[in-house]
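This briefing is for a reader meeting the structure for the first time. It takes up helix packing, then the surroundings of the ligand, then some details of the backbone, and ends with the confidence scores.

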Amino acid sequence: MTNKNANSNLIIDGCDTVKLAKEFGTPLYVVSQQKIEERCREIYKVFLSEYKNTRALYASKSFLTMAMCKIVEKEGLGLDVVSGGELYTALKADFPTEKIIFHGNNKSYEELYMAIENEIGRIVVDNFYEFELIEQIALKLDKKVNILYRITPGVNSDTHKYITTGQKDSKFGIPLEKDIITDAVKKALSSESIGMKGFHFHVGSQLFDNTSHIEAVDIAIRLMKELKDDLGYITEELNTGGGYGIPHLKDDIRRSLKYFIKPLMDRISLKISEYNLSMPEIMIEPGRWIVGEAGTTLYTIGSIKEIPGLRTYVAIDGGMTDNPRPSLYGAKYYGDIANKMNKEKVCEVTIAGKCCESGDILMKNLEVPHIVPGDILAVYNTGAYNFSMASNYNRSLRSAVVLINNGQAEVMVERQGYEDLLRGERIPKMLSNKEI
Ligand code: LLP
């Protein structure tokens, strides 16, 4: 719950954000446990309990820490990981391994080994090379590996081109040419180490209309029908990916999960009965929709520069290092001056980050009250793909993450110190050679 108190400070989940900024420093990622739980419960209500034989996974690339694994586990969701690092985090948090699903277009031998050794639930196989690595490792470890094949449905989505993934010309997934996909399925069916469970697609991210999901459903279910006719193969599972969009600006519409799920599930039922197939287990794997609106980033305002007749730049103590999305995708955000919530908004400013890049602009045309250095800026809906995409560019330190709930706040990730920047660095001996 976002609110303000008598001091005109922004309150989230019973925590005074100005006090949080003082106690934990800025930039600070503030993550609301309550918001995440609300989203997980909406998934339960609208998807898991509404439709039989369904599974929901949290796409951990959007935000992952060991604490987040604990929340996801407590809420009964599975976990989608996409790298050895995400898998390692989940294992260290004792996340139930059978509920983990492993994605990626170029998983290494070592990553696959870690996944297979730990008997994770599913590996989503992206290509033939990966398939061979999995078979080798499975034989070596004497394990059976359950897989889904990621298919490229060849559909376009209405979002930034960097985050569309379902189009034919994509680095992800197996092309849907009949001989290629049939060959892939035959390989899996004839391998003793592989359990061929079904298919996966992910059409893109930050989507608000269902068109590409629906088109991909049609394509996947037609594939299921063809494989049944040609090979007698019955698809047990269909993973429809994530991609549900969230609002970022004040007047953006917030879509409920039902808005995304109902048309998807209706279409699946329709197509399954049209082709007279048996209903596979249906999976979804949202990331942003679960965690995006749970995050707020707090910054301290520093220099303020007015270019008369043009614009006012208000600089903050973070920027593209903690939120690369505006500079990478032109993403827009909305925010407030957290210590001046009751003050009238009197001007428009441009919020600039502190990196040595002109493109490091977090927000353009933000309406604010009269501000001075030391004020606290809160940027909303920064829970997804902010912390997880943060960098040390300009040798900036990564910000701390605090978890808040009902007036309580605790550190989930510590702020980096300068010593963290040098961890792992060496000055090679050859540089101390006097002749250089
Ligand atoms: N499943 C797969 C296989 C994915 O590749 C993704 C996202 C998801 C699920 C979750 O998508 P979501 O529900 O979070 O939209 N860095 C970009 C987003 C990249 C998304 C990559 N894949 C951004 O900041 O917008």
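In this predicted model, helix α5, which covers residues 109-117, and helix α6, which covers residues 128-141, have axes that come within 10 Å and cross at roughly 45°. Since an angle between 35 and 65 degrees falls in the oblique range, α5 and α6 are therefore described as oblique to each other.

**Packing of α5 with α6**

- The crossing that α5 makes with α6 is right-handed.
- From α5, the contact draws on Tyr 109, Leu 112, Tyr 113, Ile 116 and Glu 117, while α6 contributes Leu 133, Ile 134, Ile 137, Ala 138 and Leu 141.
- Sorted by class, the contact of α5 with α6 holds nine nonpolar residues and one charged residue, with no polar residues.

**Packing of α7 with α8**

- Helix α7 (residues 178-190) packs with helix α8 (residues 211-231) at an angle of about 65°, and the two axes are 11 Å apart.
- Here, too, the handedness can be stated: the crossing of α7 and α8 is right-handed.
- On the α7 side the contact is made by Ile 181, Thr 182, Val 185 and Lys 186, and on the α8 side by Leu 223, Leu 227, Asp 230 and Leu 231.
- The residues of this contact of α7 with α8 comprise five nonpolar, one polar and two charged.

**Surroundings of the ligand**

- The ligand is surrounded by 23 residues, of which the closest are Ala 59, Ser 205, Gly 242, Gly 287 and Tyr 385.
- Two elements, α10 (288-291) and α11 (325-329), are those that give two or more residues to the shell around the ligand.
- When the shell around the ligand is divided by class, it has nine nonpolar, nine polar and five charged residues.

**Backbone details**

- Most residues other than glycine have a negative phi, and most peptide bonds are trans.
- The peptide bond that runs from Thr 26 to Pro 27 is cis, with omega near -5°, and Pro 27 is found in the loop between α1 (17-24) and β4 (28-32).
- Asp 13, a residue other than glycine, has a positive phi, near 45°, and Asp 13 is found in the loop that joins β2 (10-12) and β3 (15-16).

**Confidence of the prediction**

- Averaged over the chain, the pLDDT is 95, and 97% of the residues score at least 70.
- For the model, the scores are ipTM 0.99 and pTM 0.96.

Definitions and conventions: Residues numbered from 1 in each chain as written. Predicted model: local features only at pLDDT ≥ 70, side-chain atom pairs only at ≥ 80, totals over all residues. Axes fitted to C-alpha atoms, helices over the stretch in contact; angles between N-to-C directions. Helix = DSSP H or I, 4+ residues; strand = E, 2+ residues; numbered from the N terminus. Parallel < 35°, antiparallel > 145°, perpendicular 65-115°, else oblique. Left-handed = near helix turned anticlockwise from the far one by under 90°. Contact = placed C-beta atoms within 7 Å. Nonpolar A, V, L, I, M, F, W, Y, C, P; charged D, E, K, R; others polar. pLDDT = per-residue confidence, 0-100. Near = placed C-beta within 6 Å.
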